[in-house]
Amino acid sequence: MAERYWLETLGCPKNQVDSDKLAGRLVSEGLQAADRPEDADLVVVNTCAFIEAAREESIETILALAGARRPGARLVVTGCLAERAGDELADALPEVDQVAGFGVAVTLGAKPGPALPSFDLLNLPRPKSDVPWAYVKVAEGCDRTCGFCAIPSFRGPQRSRSEESILGEVDQLDVAEIVLVAQDLASYGRDVGRKGAIVPLVEAVAARVARTRLLYLYPSELDDRLVDTICATGVPYFDLSLQHASKPLLRRMRRWGDGPRFLARIDDIRRREPSAAFRSSFIVGYPGETEEDHDELLRFVEEAQLDWAGFFSYSREEGTHAAQLDGAVDPGLVAERLAELSEMQDRITAVRRSDLVGDIVEVLVDEPGVGRTHREAPEIDGIVAIPRDLPAGTFAKVTITGAAGPDLEAA
Ligand code: SF4
């Protein structure tokens, strides 16, 4: 009987892609997926190290799986936490058999196979998706220097995949919706002297699949050409990585832009495509964030009327620019600011969702009873509850009959 693996994935969509590739590699080595971690001969935890809470969750998961695995099963830890703190992790967790960074040589038994550089991992084939959508990572690493972010220090500079390799993966996945991801997606190709290559890439993907969605767009890179290309795919969904609205604070973050510029861009996109949907994320309590900065962010959130927004408390990351900044914000105050912003956005999201009641929309059926229009990214935004007899993987026109917070109901 073939030996079996269990692969647990934490963190962001980019990590999910790495896990898919690892699974593809394990299957190609003759392993089979186990139904439960207790049945596996090899347990792999693909960790996240983005912020403190993610690191804690990763360690809790490793310990839980170390306890749950059957005697003799091998436990391997990979992903961002392994990359970032591999030696400390190996010392602190003796129950782990192998701590390995990206491109991990995950094999069974005592002798690990040859390690792959992380970029080669990106180009590996992956198993078929069991939902009608899939993430595709188009580049690894990031060339920016955002003050709060440690990712470039352990994921390295940007390395874009070739268009040929990406399109090959899109063809092989054979799904209805492709979600393109990268740390800095709009800069795809810049590292290989092909600035603006994201536009022909999106066009080529959109020619192959019904839906092409883009996540994580750095706002300065979102020019008219890219906006028009995104709208032309039929999925006018804009995930803008804004982080704040106050200009002085954004400069402390070593990021581009300010509230008025962001609002002008959003207005312009809405003029071009009134059904455009917007998502963004914001950091609350970055060192030096004043009451004025916070008020500016509140005003921005109210004015922007984004469909979706996430607010995250600042997490001090060793080795980053922000880790040396003064002006730490009191945690109690951060919690208050977070609550105020989240309440405001929940209200805005609920109203925007209610405004859709009565509309006829096209959904992609992810599974019986669950669909998504262009406004909902998988696993991140709300869903549309649809009749259960609509078959998974198909598109259907439905009428929105109700809204409950972030979710919609349709008949
Ligand atoms: S764009 Fe900024 S926040 Fe995003 S990965 Fe690069 S450095 Fe980090």
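In strand S9, Glu177, Val179 and Val181 point one way while Ile178 and Leu180 point the other way, and all are buried. This strand belongs to an open sheet of three strands in a predicted model, whose chain has an average pLDDT of 91.

**The three-stranded sheet**

- The sheet is open, its strand order is S6-S9-S10, and the pairing is parallel.
- Strand S6 (133-137) and strand S10 (211-214) are the edge strands; each has a single partner strand, so one side of each lacks a neighbour in the sheet.
- On average, and with direction ignored, neighbouring strands of this sheet are turned by 25° against each other.
- S9 (residues 177-181) is mostly covered, with five of its five residues buried.
- S6 and S9 run parallel and are joined by five bridges; within this pairing, Ala134 has Ile178 of S9 as its bridge partner.
- S9 and S10 also run parallel, joined by four bridges, and here Val179 stands opposite Arg213 in S10.
- Ile178 and Val179, which take part in these two pairings, point to opposite sides of S9.

**Helices on the sheet**

- Helix H1 (residues 13-28) lies across S6 and S9, and its direction is at about 95° to S6.
- Helix H7 (residues 198-206) packs on the sheet as well, where it touches S9 and S10 and makes an angle of about 150° with the direction of S10.
- The 16 residues of H1 reach 23 Å from the first C-alpha to the last, close to the 22 Å expected at 1.5 Å a residue.
- The buried residues of H1 are Lys14, Asn15, Val17, Asp18, Ser19, Asp20, Lys21, Leu22, Ala23, Arg25 and Leu26.
- After H1 comes Gly30, with a positive phi near 100°.

**Helix H11 and its surroundings**

- Helix H11 (residues 291-304) has 14 residues and reaches 20 Å between its first and last C-alpha, close to the expected 20 Å.
- Its buried residues are Asp293, His294, Leu297, Phe300, Val301 and Ala304.
- These residues cover an arc of only 120° around the axis, which places them on the same side of H11.
- An α-helix has 3.6 residues a turn, so residues three or four places apart point the same way.
- Glu291, Glu292 and Glu302 are exposed residues on the face of H11 that is turned away from the buried side.
- The elements that cover the buried residues of H11 include helix H9 (247-252), helix H10 (259-272) and helix H12 (331-354), together with strand S12 (277-284) and strand S13 (308-313).

**Antiparallel strands S14, S17 and S18**

- Strand S14 (residues 360-367) pairs with strand S17 (residues 395-404) in the antiparallel sense over five bridges, and Lys397 in S17 is the bridge partner of Glu362.
- S17 also pairs with strand S18 (residues 407-410), again in the antiparallel sense, over four bridges; Gly402 stands opposite Glu409 in S18.
- S17 and S18 form a hairpin with two residues between them, and Gly405 in its turn has a positive phi of about 60°.

**Positive phi outside glycine**

- Asp174 has a positive phi near 55° although it is a residue other than glycine.
- Asp174 is placed in the loop between helix H6 (163-173) and S9, and it is exposed, with 12 other C-beta atoms within 10 Å.
- Gln305, likewise not a glycine, has a positive phi of about 50°; this residue follows H11 and lies in the loop between H11 and S13.
- Gln305 has 15 C-beta neighbours inside 10 Å and therefore counts as partly exposed.

**Confidence of the model**

- A pLDDT of at least 70 is reached by 94% of the residues.
- Over residues 106-116 the pLDDT stays under 50, and the model has 22 contacts for this stretch beyond four places in sequence.
- Where pLDDT is low, the predicted coordinates should not be read in detail.

Note on methods:
Residues numbered from 1 in each chain as written. Predicted model: local features only at pLDDT ≥ 70, side-chain atom pairs only at ≥ 80, totals over all residues. pLDDT = per-residue confidence, 0-100. Contact = placed C-beta atoms within 7 Å. Pairing = 2+ DSSP bridges. Axes fitted to C-alpha atoms, helices over the stretch in contact; angles between N-to-C directions. Expected span 1.5 Å × (residues − 1). Buried ≥ 20, exposed ≤ 12 C-beta atoms within 10 Å, placed from the backbone. Arc of directions from axis to C-beta.
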